[in-house]
Structure formats: structure tokens, C-alpha cells
Amino acid sequence: MSIGRNDPCLCGSGKKYKKCCGKREGAAITAVLVEESSTIQRELIDYAMERHSAMLKKEFQPLLKSNETLRQNEQVFLVTFEIWAILTRTIKENETILTEFVKKRVPSISRQRTAEIVASWVDYHFMAGVIESCDGPVYEVRDILTNEMYSVRALRSVDLVGAFVIGALLPHESDYTFFMTDFHFEAEHAQAMARAVQEMFGDSPFEDPQAFFTHDFAAVMDTLFAVYEKGHAAVDLTSLVWTKDAHRETAEHIEASFEQEQLGQPITQMAVLLWNYYCTKEDPAVRKPEVFTASLIGLLQAHGLIERKESKAAIAGRYAISAATLSKRQKEMEAVLEEKLQAADGAQK
């Protein structure tokens, strides 16, 4: 017996079928379709790596050199590149890795609705926007360049209202999904990021947002991560409590020295916070700030938080102290800071 979506539900609830048992069945098949299309996305990535690795390597190197901030976030850089290359790089005539894969894969997909979803992927487009609402695994995103609203379906429930999100949208029947992943940033960064992308688009030679993203997606991501790092700006020393002027002055020395050595803002911030914590625990007497600055560099290197490796003698020489003094003070500080350093090391990994 067949039943129309607007017929009374057979369970006797008095509701229309589409509002009752049909709704549950619809939710179930939606989850199946999302899972199947996600599996085929992974197949697409494997296909690209197996069939077109030479082209991908050739395209990767110029971007690696020109996007400094993104280069420092290795995994994000790789995913950004794969999304951009698979969707946009031409392999022959007007064919991309995506269109080649879709042409070969769709005929072998047994479920008709899944096959239609995958076939529609050729109409992908890039989008940067702000999440305005979330309803379970679906969130509504307003595009910052076109002001359009998109309904985006995730694999699991999300609660990211106000967050800034960017990526490549693939059609999924009446909704969209992100190809591979979406890159989202906390709401506190959304305004600055939206302004940065809008300014980039305005300064570009492109009138069409899709042409802009196709040409500059990696550069946009590089800019967003630069904005993100700037949003985690230098520790405001005035907001930290220092019981002695010497402790505050040493913090200023640490900050200036780390910046001069180009260790990066996150490491500089970490060092100042570690020093503040050490001061609250030990109330150290400070005769020469260089001793503590050099000791923090040694500690951060020893725990793998600073990538470069150099001897204690080299560090000590740069700060005009003896290696013995550095070694002694570093051990004293490590005894107090070890738990904090291990936590920071674990977070980086």
C-alpha cells in the first residue's frame, strides 16, 4: 500500500504522513545520504593523490613559498591546497580532478539519490560567511561577499553561532556540505576576518567572488590566519599582576627579546605567561633579566616548543651570561614550570 506525503499517517496520530512517521524516515535517509556522500568525498581525495600526484606537487611549491603564515600551520595548509587544487586545477582541456572523478564514479553508485548528489558536485562554490543559527547538524551561514544565506549540513550537531567559516560548498539536495572540511574561527574574530576578506575582494581584479576564490583561496586563508594570530596579540602586561617592578621589567625584556629573535607571537605570549606564573610561585630576586630570558628559551627548546636546537653555551653567549648560570637557573625554573610546559607540549602535538 502506498501513501502520499500529505495523506493521514497510518499510525493514527492524526498528522500528515510527512509530519509524522515520514519525517522520521526522512531523517534516517538523510543521515544515510550524508554518510555515503562523505565516503565518496574521501574516495575523491584518494583518487586525486593516486592519479594526479605529479600535478599536485607542481602546483604546491609556488603556494608554499608565497603564503608564509599558512605555511606555519602545516596541516591546514595541506588541506587548503587539496581543496583548491582538486576543485579548480585543470588537468586536460576544461576538466578538473573533480569533474573527471564525478564522470567516472557516478555510473557505479547504486543509490539514485546519492548518485544525483555526487553528480551535482560540479556546481560547487567557495563561500566565506558568518554562522547565524544552528539546528542540530544544520547551520545557516550568511555569505559576507554576496549576503546570500546557505543551509549547510554537517556530520554531527554543531553549536557555532557567530563563528566565521570558510570553505568549498558541495550541493547536497536542498542543502550543502563542505568539501573535506570547513575552517571556522571563534566569533570574536568574525568581524575582523569578514572585513579582511571583503577588502581583499575589493582590491582584487575580480568582480565575481568565485573567480576571486578560485584564484586566491590560499592567499585568503593565509590572510585569515594572520588575522587570527593578530587577534591573539601580545600579552597585555598591564593586565597581569606583578608584585615587584623587577618582575614586570623582566617580562618586558622577555617580550622584546623573543620578538627580536622572531620566535612568533604565540611563543612570546607563552613565555610571558610562564614567567608570570613562576613569579607568583617563587618570587625570584632579579639581578639580571637576561638570565631568565635565556632560561626560558632553553626550557622551551628542551620541551620542543621552539623548533630550533642550540647548545646552552650558544644561548648563554647571546645573552652575555655563563653557561653554568643558565643551566642552574633553567633547572630551577623547570622544577616549577614542568607541568605547564608538558601541557603546552601536549597541546601543540
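Colleague: Let's start with contacts. Of those with a separation of 6 or more in the protein, what share comes from residues 24 or more positions apart?

Modeller: Keep in mind that this is a predicted model. Take the contacts in the protein with a separation of 6 or more, and ask what part joins residues 24 or more positions apart. That share is 61%.

Colleague: And how many helices and strands does the secondary structure of the protein come to?

Modeller: Both kinds of element turn up here, helices as well as strands. The count is 13 helices and eight strands.

Colleague: What percentage of the residues in the protein is buried?

Modeller: The protein has 349 residues. The buried residues make up 45%.

Colleague: On to helix packing. How are H2 and H4 oriented to each other?

Modeller: Two packed helices are described by the angle between their axes and the distance between the axes. Here the axes of helix H2 (residues 53-66) and helix H4 (residues 74-88) come within 11 Å and cross at roughly 125°. On that angle, H2 and H4 are therefore oblique.

Colleague: In which hand does H2 pass H4, and which residues of H4 make the contact?

Modeller: H2 passes H4 in a right-handed crossing. From H2, the contact is made by Leu56, Glu59, Phe60, Leu63 and Leu64. On the H4 side, the residues are Phe77, Phe81, Trp84 and Ala85.

Colleague: Let's stay with tryptophan 84. Is it buried or exposed?

Modeller: Tryptophan 84 lies in helix H4. Leaving aside its neighbours within four places in sequence, tryptophan 84 is in contact with Glu59, Leu63, Arg89, Phe213, Thr214 and Phe217. Its relative accessibility is 7%, so tryptophan 84 counts as buried.

Colleague: What separates the C-alpha atoms of tryptophan 84 and aspartate 216?

Modeller: Along the chain, these two are 132 residues apart.

Colleague: What about H9 and H10: how does H9 run relative to H10?

Modeller: Helix H9 (residues 245-260) and H10 pack with their axes 9 Å apart, at an angle of about 160°. That angle makes H9, relative to H10, roughly antiparallel.

Colleague: Which residues of H10 make the contact with H9?

Modeller: H9 passes H10 in a right-handed crossing. H9 brings His247, Thr250, Ala251, Ile254, Glu255, Phe258 and Glu259 to the contact. H10 brings Gln265, Ile267, Thr268, Ala271, Val272, Trp275 and Cys279.

Colleague: H10 also meets H11. At what angle do their axes cross?

Modeller: The crossing of H10 and H11 is right-handed. The contact is made by Ile267, Met270, Ala271, Leu274, Trp275 and Tyr278 of H10 and Phe292, Leu296 and Leu300 of H11. The axes of helix H10 (residues 265-282) and helix H11 (residues 289-302) come within 11 Å and cross at roughly 115°.

Colleague: Which residues is glycine 298 in contact with, leaving aside its neighbours within four places in sequence?

Modeller: Glycine 298 lies in helix H11, and at 7% relative accessibility it counts as buried. Its C-alpha is 10.0 Å from that of glutamate 334, which is 36 residues apart from it in sequence. With those neighbours left aside, the contacts of glycine 298 are Ile315 and Gln330.

Colleague: Last one, on backbone angles. What is phi of glutamate 173 near, and what is phi of alanine 320 near?

Modeller: Most residues other than glycine have a negative phi. Glutamate 173 lies in the loop between strand E6 (164-172) and strand E7 (175-178) and is partly exposed, at 43% relative accessible area. Alanine 320 lies in the loop between helix H12 (312-318) and helix H13 (323-348) and counts as exposed, at 56%. Phi is positive for glutamate 173, near 55°, and positive for alanine 320, near 55°.

Technical notes. Residues numbered from 1 in each chain as written. Predicted model: local features only at pLDDT ≥ 70, side-chain atom pairs only at ≥ 80, totals over all residues. Heavy atoms only, no water. Helix = DSSP H or I, 4+ residues; strand = E, 2+ residues; numbered from the N terminus. Buried < 20%, exposed > 50% of the residue type's maximum accessible area, 1.4 Å probe, protein only. Contact = heavy atoms within 4.5 Å. Axes fitted to C-alpha atoms, helices over the stretch in contact; angles between N-to-C directions. Parallel < 35°, antiparallel > 145°, perpendicular 65-115°, else oblique. Left-handed = near helix turned anticlockwise from the far one by under 90°.
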